[in-house]
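I keep these notes for a reader who has not seen this structure before. Each entry says what I looked up and what I found.

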Amino acid sequence: MDESHALIEQRKAKLAALRARGQDPFRNKFTPTHTCEQARTGYAEGLEVAVAGRVTAHRDMGKSLFFDVRDGSGRLQIYAQKNVLGEEAYERVKHLDLGDIVGVRGTLFTTRTGEISVRAAECVLLAKALRPPPAKWHGLEDTEIRYRQRYLDLIANPEVKEVFLKRSRIIRAIREFLHDRGFVEVETPVLQSIPGGAAARPFKTWHNALGCEFYLRIALELPLKRLLVGGFDRVFELGRCFRNEGISRRHNPEFTMLEAYQAYGDYETMMELVQSMIVHVAQTVLGTLRIEHRNAEGQVVRTIDLTPPWPRVRYKDLVRERAGQDWFDVSPAERRARAERLGAELGPDYEDFEVTQAVFEKLIEPTLIQPVFVTHLPKELIPLAKLAPEDPTTVEVFELCINGQEIAPAYTEQNDPIEQRERLEQQAGGERQKLDEDFLVALEHGMPPAGGMGMGIDRLCMMLLGQESIRDVILFPQLRPRQPQASPAATPAETSPSPAASGTTGPISGPAG
């Protein structure tokens, strides 16, 4: 801390000296003609360029010096000479600090070692960095700093920046795919009087003007289905959702969801949509359907093959395979005892269907690395879905599992208002205030048969970009706030979310994260 404080004081002294000489170390504007990458790829001997970026290396050679500038596109070497810049300007360049942001005008040339560089004719300080960069400039490794001060992570680790650039391209490719399929993008309220569309603990807030409590949405589902009633036959939303539950490497309290609904479709319509969309995104952004996941040493630990078609398997068949062929024939007490012997984590008040779901989530889902559609889940898990005619104990649902986690659930939407009311009342346990009456009234006006799907964008990015923690695909993940006058708080311990946090208990609008 003392060394860091001394470096900051040195930089502040340089700042004061610049201002004392009438020089502005924080310029209003500098207009580059090229990015660093454009200067390199469009190289021509003697071409005049203006580039700007952060100083990342500085090598003093007496009457000349080299320094590196990095912008959003990459790095470019700058060559500065005293006899070209003049003594005063050269001294300013000589005293640049790592992290300073500069603008440079000059001509391109190639050094004796073959490096494309700019021979500086002018160098302007645009922003003085008062704090030094991370001690290890080329590779910030401190996890606490990486997540809490993401800007330092992006400066020091180009591969991290590339992950988030690819995330942006993934979202763009999803939008383009859905627009090409005739879907309309909409925006629905984040503040809701009744949180619906999933079973999860919401965040609460107070609306001063209206004098009542509101909730941050836990899903996008119910407003979008109202739009089906209103005549939007194909509709989607990409938006933030919030669940006031556990934090783990797969769950963040604030996450990005995609939900899409198609009138006159069903769960099989959604199956084709989801498979085609993920294949399109992988080919567009990554150029491959084989996704490699590597460990910290760079060794490939698993390869996910997205080549379609993806297999379909029934939920009950997977449970029987893992927990015994007689699983659904024995008593609930025996199921619970067997689940505990198998190592499933059970709450004291778990109902029978939740015991089975705990076995699936703990023992089966983590083994589903390659893409697979798990179909026909128990009806108690998804009260917003249609019953399967061939087995009324299940619903027409699939969960797409890849990389050992749920990526996207989807189902044939329930459009019978009487049946929907009964199933939501069962889920609410008779508490009328938990029912979204406006949604039920909308259904009474008639909603066409439809298929709907939800997709956790953060989990999709984890899978496609080979990241093992959700925090590595979210720019600013939730962390415990630092306490004033205290040492930096450690990243909160990962805790297991409640069963509802995965979006698989009650209505499932998509995975949390």
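This is a predicted model: local features need pLDDT of at least 70, side-chain atom pairs count only at pLDDT 80 or more; totals for chains, interfaces and linings use all residues.

Entry on L400. I looked up what L400 touches, leaving out residues up to four places away in sequence. I found V274, I278, W310, P371, V372, F373, Q405, E406, I407 and A408.

Entry on the cores. I then asked which members of the largest nonpolar core touch the most other members. This core has 47 residues, and the answer is L258, I278, L306, L400, M453 and M455. I went on to list the elements that each supply at least two residues of this core: α7 (158–180), β10 (234–242), β11 (254–263), α9 (267–286), β18 (397–402), β19 (405–412), β20 (450–456) and α15 (457–465). Helix α9 gives the most, with 11 residues. I also noted a second, separate core of 45 residues, which includes A263, A323, L368 and V372. V372 is one of the residues that L400 touches.

Entry on the barrel. I traced a closed barrel of 5 strands in the order β1-β2-β3-β5-β4, and its pairing is mixed. On average, neighbouring strands of this sheet are turned by 55° against each other, direction ignored. For β2 and β3 I found an antiparallel run joined by 8 bridges. F66 has Y79 in β3 as its bridge partner.

Entry on α4. I checked where helix α4 (residues 87–94) sits and found that it lies across β1, β2, β3 and β5, at about 55° to β2. Which residues of α4 are buried? They include A89, Y90 and V93. These residues cover an arc of only 100° around the axis, so they are on the same side of α4. In general, an α-helix has 3.6 residues a turn, so residues three or four places apart point the same way. The face of α4 turned away from the buried side carries E87 and E88, which are exposed. The buried residues of α4 pack against β1 (48–60), β2 (64–71), β3 (74–81), α3 (82–85) and β5 (116–127).

Entry on a helix pair. I looked at helix α13 (residues 417–428) and helix α14 (residues 437–444), whose axes are 9 Å apart and at an angle of about 160°. Angles over 145 degrees count as roughly antiparallel, so α13 and α14 are roughly antiparallel to each other. From α13, the contact is made by P417, Q420, R421 and L424. From α14, E437, F439, L440, L443 and E444 take part.

Key:
Residues are numbered from 1 along each chain as its sequence is written. Side-chain values use heavy atoms; hydrogens and water are left out. A nonpolar core is a set of buried Ala, Val, Leu, Ile, Met, Phe, Trp, Tyr and Cys residues joined through side-chain atoms within 4.5 Å. Buried means under 20% relative accessible area, exposed over 50%, partly exposed in between (1.4 Å probe, protein chains only). Helices (H or I, at least four residues) and strands (E, at least two) are DSSP runs, numbered from the N terminus. Contact means heavy atoms within 4.5 Å. The arc is that of the directions from the helix axis to the C-beta atoms. Two strands pair if DSSP finds at least two bridges between them. Axes are lines fitted to C-alpha atoms, for helices over the stretch in contact, and angles run from 0 to 180 degrees between N-to-C directions. Angles under 35 degrees count as roughly parallel, over 145 as roughly antiparallel, 65 to 115 as roughly perpendicular and the rest as oblique.
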